[in-house]
Amino acid sequence: MTREDILNDLSVRFKDDIIDVFDKSPKRVYVEIKPESIVKLVSYIFKDLGARFNIATGVDTRQHMEILYHFIIEDINLLVSLRVKLPKSKLEIDSLVSVFEAANWIEREIHEMLGINFNGHPDLRRLFLSDEWPEGVHPLRCDYKEWDKKAIRDRGV
Amino acid sequence: MARTIVPIGPYHPLLEEPEFFTLTVEGERVVDIDVRMGYNHRGIEKLSEMKTFDQSTFVIERICGICSTSHPFAYTRAVEDIITVEVPERAKYIRTIIAEGERIHSHLLWLGLAGHFLGYNTVFMWAWKIREEILDVMEILSGNRNNYAMFKPGGVRRDIKSEDIPEVLKKIDSIVPTLEMLKKAVIDDPVLHARTKGIGILSKADAINYGALGPTSRASGVARDVRKDSPYGAYDKVEWEMIVAQNGDVFDKAVVRILETFESIKIIKHCLLNLPEGEIDLNIKNIPPGEGIGHIEAPRGETFHYVKSDGTNRPVRHKVRAPTFMNLPTFKATVVGETISDATIIMAAIDPCYCCTERMAVRNTEGKKLYNGEELVKLSQKKTEKIRQESGC
C-alpha cells in the first residue's frame, strides 16, 4: 500500500473516530483522534498495517493534556503520530498494554510525570521518580512548582 | 522448591544507567525478573525546556557518554523537521562519519565486556585496545574522545580537514586485522558456542511485541534499521548491508554487532573518500512554531526525539526515548527460564551499558548473603572453563 492508500483507508475506516489529519511532510502525519477510540485504532495500525510503536509523548499544552502515540510504518517510511487531547478534568485513557507490551513502561512514565491514568494497565508503579517524591506532584506539568526537598536533604539522601 | 530473591544493582562506577534488578530464582533457574530504574534520572527533558535550541544540543549530548552522537543527531533532526529543511551535503557526510565512528567504539566496548563476563579476558583486552584507535580517530576529527560537540541544528560545528583524512584512513585500516581475528575467535570457538548458542532467546514475535530495537531485534530476524528504512545523513549514498540473524540468542546478538562493525568501517571509508565540497551549516536563526520528530539508528537501536516549538527560542516540550528503554523490558522474555550463571551474559547481550555485576549479591530467603557480584562473574567464568575442559579445547 502506498502512503495515500493508507491515509484514505484510515479516514474511511475510522471516519467517526478521526477528528483532524495534519499532513506535515512526506514522512510525517499527525492524526487527531477521539480518546475513547485509541485501542481500536492502535490495534489496526499495529496488527494490520504492521507498524512499529516508537513511543508515546505526553504534553501539557495548558488547555489540554495531549498524548501523541508515534508509529512508524517502515515499508513506506511514514511516521504516523496519533494525537489525543484529554480534558484536564478527566485525565484518563485506556491502556495499550493489552495490544502490545511495548506500551508498558512509557505509560508508567507518563503516569508519574503528567498524572494521567491508564485504565487497565497491569502495573502502574513508579518507573523513574524516587520513593521520596510526594504523591500528586507531576514534574512535567506546566503548573509544577519546586516542592520542599528539605526533608530529604536532612536525611542525607 | 524454595524461591530466592537475587537483587542486582543499582550502582557501579562503570554503569551509565544505574538499574536495580530483582531476580527470583528457584535453585539455578530464574523464574521472574523485575527492573527498577530512575536512580540517575536527571530530568533532562525538563532541563531542555529551560535552554535555548542551541544550548539543548549540548545538554542532551550529556545524556549518555557512549551515545554522545546519537542524541544530538536525533535532536537536530527533530529541530530541522520543525522547519522542514535538509542540511548541506557535506554536513550530512560529516554527521554520518561521526555516527559510525561512535557505533564502532560502542560495539567494541560491548564485545570486550561480553568477553569478560564469559571469562574471555583476551577478547576484552584486544577489543578495548583497538577501540583506542577509534577514539584517537574521533579526537582527530572532532577534538574530543567523547562528547564530540559536532552537531548543531542546521549542520555541523566543525569541518573535517582534508589533510587529516589519510591519517584517519590509516588508523581505521589498522584495526581491521585484529577485528578479523576477533570475529574468528567468536564465530569459530566451540566453547563460546556452548556458552551463548540457544541462550536467552528472544523470539521474533516477542521482539515485535516488546518493540525491541537495533541489534537486539535484528538478531531475532526483524530486518529493521532506521538507516535503511528511513535514510538520513549519507546512508542512502553508500553501499552497505543490514546485518540480520535469525536465532535471537546471545550468540546471534554478538555476531550481528561484530559484522556491523565491519559495515561501519566500510561506510566511514566511503564517506571520507567521497566527502563533497561545500557549506557545512545552514545558519538557522529562528525556529518557527510547530512539531518535529527526529529518529536515528544509534549503536543500540533507534533513538527517538520529539521537539515542540512555540516560536520562541526554547522548546516547549522535548521528549527523549533512548533505545535501551525499549530493549530492557525484553528481559522478561529472555532471562526467565534460564540459569543464574547465564543471566549475566543475557542481560549484557542487549548492551544496556550493563556493568553492574560487581554489585550483584545472591541472598537466600532469610537474607543471608551467599555470593557477591564478583563471585557471580567468577561463577559464569567457571562454567566456561568447565565446558572448555570437557570439550578438550
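**Note on the two-chain model**

1. In the contact between the chains, 25 residues of chain B touch 25 residues of chain A. On the side of chain B that touches chain A, at least two residues each come from helix H1 (44-49), helix H8 (204-210), strand S6 (290-298), strand S7 (301-309), strand S8 (315-321) and helix H12 (323-327). Sorted by class, this side of chain B holds eight nonpolar, eight polar and nine charged residues. The model is a predicted one, and the values in this note should be read with that in mind.

2. Chain A has 157 residues, of which 34% count as buried. Its secondary structure consists of four helices and seven strands, and these follow one another from the N terminus in the order α-β-β-α-β-β-β-β-α-β-α. Taken along the principal axes, the box filled by the C-alpha atoms of chain A is roughly 60 × 30 × 25 Å. Among the contacts in chain A between residues at least 6 apart in sequence, 48% join residues at least 24 apart.

3. Turning to chain B, helix H4 (residues 89-117) and helix H11 (residues 250-273) have axes that come within 9 Å and cross at roughly 155 degrees. With angles over 145 degrees counted as roughly antiparallel, H4(B) and H11(B) are therefore roughly antiparallel to each other, and their crossing is left-handed. The residues that meet include Tyr93(B), Ile97(B), Ile104(B), Leu108(B) and Trp110(B) from H4(B), and Ala254(B), Ile258(B), Ile265(B), Ile268(B) and Leu272(B) from H11(B). By class, this contact comprises 14 nonpolar, five polar and four charged residues.

4. H11(B) also packs with helix H6 (residues 165-188) of chain B, at an angle of about 160 degrees and with the axes 11 Å apart. H6(B) and H11(B) are therefore roughly antiparallel to each other, and H6(B) passes H11(B) in a left-handed crossing. Among the residues that H6(B) brings to the contact are Ile165(B), Val168(B), Leu169(B), Ile172(B) and Val176(B), while those of H11(B) include Val255(B), Phe262(B) and Lys269(B). The contact of H6(B) with H11(B) divides into 16 nonpolar, one polar and two charged residues. Ala254(B), Ile258(B), Thr261(B), Ile265(B), Ile268(B) and Leu272(B) of H11(B) take part in the contact with H4(B) and likewise in the contact with H6(B).

5. H4(B) has a further partner in helix H5 (residues 121-142) of chain B, the two packing at an angle of about 160 degrees with their axes 8 Å apart. This pair, H4(B) and H5(B), is therefore roughly antiparallel, and H4(B) passes H5(B) in a left-handed crossing. The residues of the contact between H4(B) and H5(B) comprise 16 nonpolar, seven polar and one charged.

6. Which residues of helix H2 (residues 53-61) of chain B are buried? They are Phe53(B), Ser56(B), Thr57(B), Ile60(B) and Glu61(B). Viewed down the axis of H2(B), these buried residues fall within an arc of 135 degrees, so they line one face of the helix. The buried residues of H2(B) pack against H1, helix H3 (70-83), strand S4 (151-152) and S8 of chain B.

How values were computed:
Residues numbered from 1 in each chain as written. Chains lettered and ligands numbered in written order. Predicted model: local features only at pLDDT ≥ 70, side-chain atom pairs only at ≥ 80, totals over all residues. Axes fitted to C-alpha atoms, helices over the stretch in contact; angles between N-to-C directions. Parallel < 35°, antiparallel > 145°, perpendicular 65-115°, else oblique. Left-handed = near helix turned anticlockwise from the far one by under 90°. Contact = placed C-beta atoms within 7 Å. Nonpolar A, V, L, I, M, F, W, Y, C, P; charged D, E, K, R; others polar. Buried ≥ 20, exposed ≤ 12 C-beta atoms within 10 Å, placed from the backbone. Arc of directions from axis to C-beta.
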